[in-house]
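Please report on the packing in this model. Cover the core, a loop residue and the helix pairs.

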Amino acid sequence: MRSTLKIFLYQGTSNGEVDFEGLRSFLQSLLPDISVQLREEFISHFALPFKEEEKKIEEVARTLAQAKVRNIREKWKRQEPLCGEIAYERRYLFTPSQRPSGILYDAWQLQRILRDLMPPSECDWEKIHVAITNQLFGTWDGGNFHYHCRTAFFGFPSLISTTGMVEAPAKPRSFYLKLQMGIPREFLQTEFQGRFLDPGDPRMTEVLKGYVLQALFYHLTENPFCSDPDCRLFNAHWQEELIRAQLRDGADLCPVHRETLKKILRGEKNPR
Ligand SMILES: [Zn+2]
């Protein structure tokens, strides 16, 4: 029986960085009874109907400018953004593929802004919205008193960042040691080649498969992660863990999660 679940993947990265059709067909073949659809970038998709409404567009740009983390050592608090910051957001609202990825946003704020853009007809638990973006977001760590970049931030909608994949999981310790010893970064990039993701890395699409699966498991079981380092749901804190979970030959879900997925596909409730 065809499931009523629908997965929407939003294409918010620079041109050519991700093979979205490849990602969609991977999910579609894994989940044959679930509809998997591609949509354009999240904000332009949902803001398009009121593109001509000056006040609304200005408000979206203002809230985005407000969501920016201004100091990574200070917890986000609401501040009135500068005109230039609002203008920056506005410039890229409908041209997301040209948008630079230098700003860090507070993940909670960014998710709330995206959620507020969705009409009620899109907000039900049968629809899984996964906003894939090249923008960087992070969460406040109250223990260490600073922001951490995140690869993904699950919820409604789930956010996955290709820039976060490069920036959030740590590179090998020896990379940082050698950097401190003064060895040029370009030299180290060659020495450590393949051991971490670089911006625009051609392996991004393959890595995204695992993160979209984590978003799916979050949505269906409330737990996106697995403790098995060979499972696509492993919560990687190091680049080498990410590469092992998502890029080794035959990367897949572990047997437990393959079984859980089968139960989901059979329509069993609470397949935890
Ligand atoms: Zn697993």
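Which residues does I160 touch, not counting residues up to four places away in sequence? The model is predicted. In it, I160 touches V130, I132, T151, A152, L208, Y211, V212 and A215.

**The core**

I160 belongs to the largest nonpolar core, which has 59 residues. Five members touch the most other members: V130, I160, L208, V212 and A215. Helix α9, residues 204-221, gives the most to this core, with 10 residues.

**A loop residue**

E41 sits in the loop between β2 (35-40) and α2 (42-47). Is E41 buried or exposed? E41 is buried, because 24 other C-beta atoms lie within 10 Å, and the cut-off for burial is 20 or more. Leaving out residues up to four places away in sequence, E41 touches Y10, Q11, G12 and P96. The pair E41 and P96 is 55 residues apart in sequence. In space, the C-alpha to C-alpha distance between E41 and P96 is 6.9 Å.

**Helix pairs**

| Pair | Axes | Angle |
|---|---|---|
| α3 (residues 54-66) and α4 (residues 83-92) | within 8 Å | roughly 115° |
| α1 (residues 20-30) and α9 | 10 Å apart | about 45° |

Take α3 and α4. Their axes cross at roughly 115°. That makes α3 roughly perpendicular to α4, since 65 to 115 degrees counts as roughly perpendicular. The crossing of α3 and α4 is right-handed. On the α3 side, the contact uses I57, A61, R62, L64 and A65. On the α4 side, E85, I86, E89 and R90 meet them. By class, the contact of α3 with α4 has 5 nonpolar, no polar and 4 charged residues.

Now α1 and α9. The two helices pack at an angle of about 45°. That makes α1 oblique to α9. The crossing of α1 past α9 is right-handed. Helix α1 brings G22, L23, F26 and L27 to the contact. Helix α9 brings T205, L208, K209 and V212. The residues of the contact of α1 with α9 divide into 5 nonpolar, 2 polar and 1 charged.

**Links between the parts**

Which residues of α9 meet α1? Among them are L208 and V212.

Methods: Residues numbered from 1 in each chain as written. Predicted model: local features only at pLDDT ≥ 70, side-chain atom pairs only at ≥ 80, totals over all residues. Core = buried A, V, L, I, M, F, W, Y, C linked by C-beta atoms within 7 Å. Buried ≥ 20, exposed ≤ 12 C-beta atoms within 10 Å, placed from the backbone. Helix = DSSP H or I, 4+ residues; strand = E, 2+ residues; numbered from the N terminus. Contact = placed C-beta atoms within 7 Å. Axes fitted to C-alpha atoms, helices over the stretch in contact; angles between N-to-C directions. Parallel < 35°, antiparallel > 145°, perpendicular 65-115°, else oblique. Left-handed = near helix turned anticlockwise from the far one by under 90°. Nonpolar A, V, L, I, M, F, W, Y, C, P; charged D, E, K, R; others polar.
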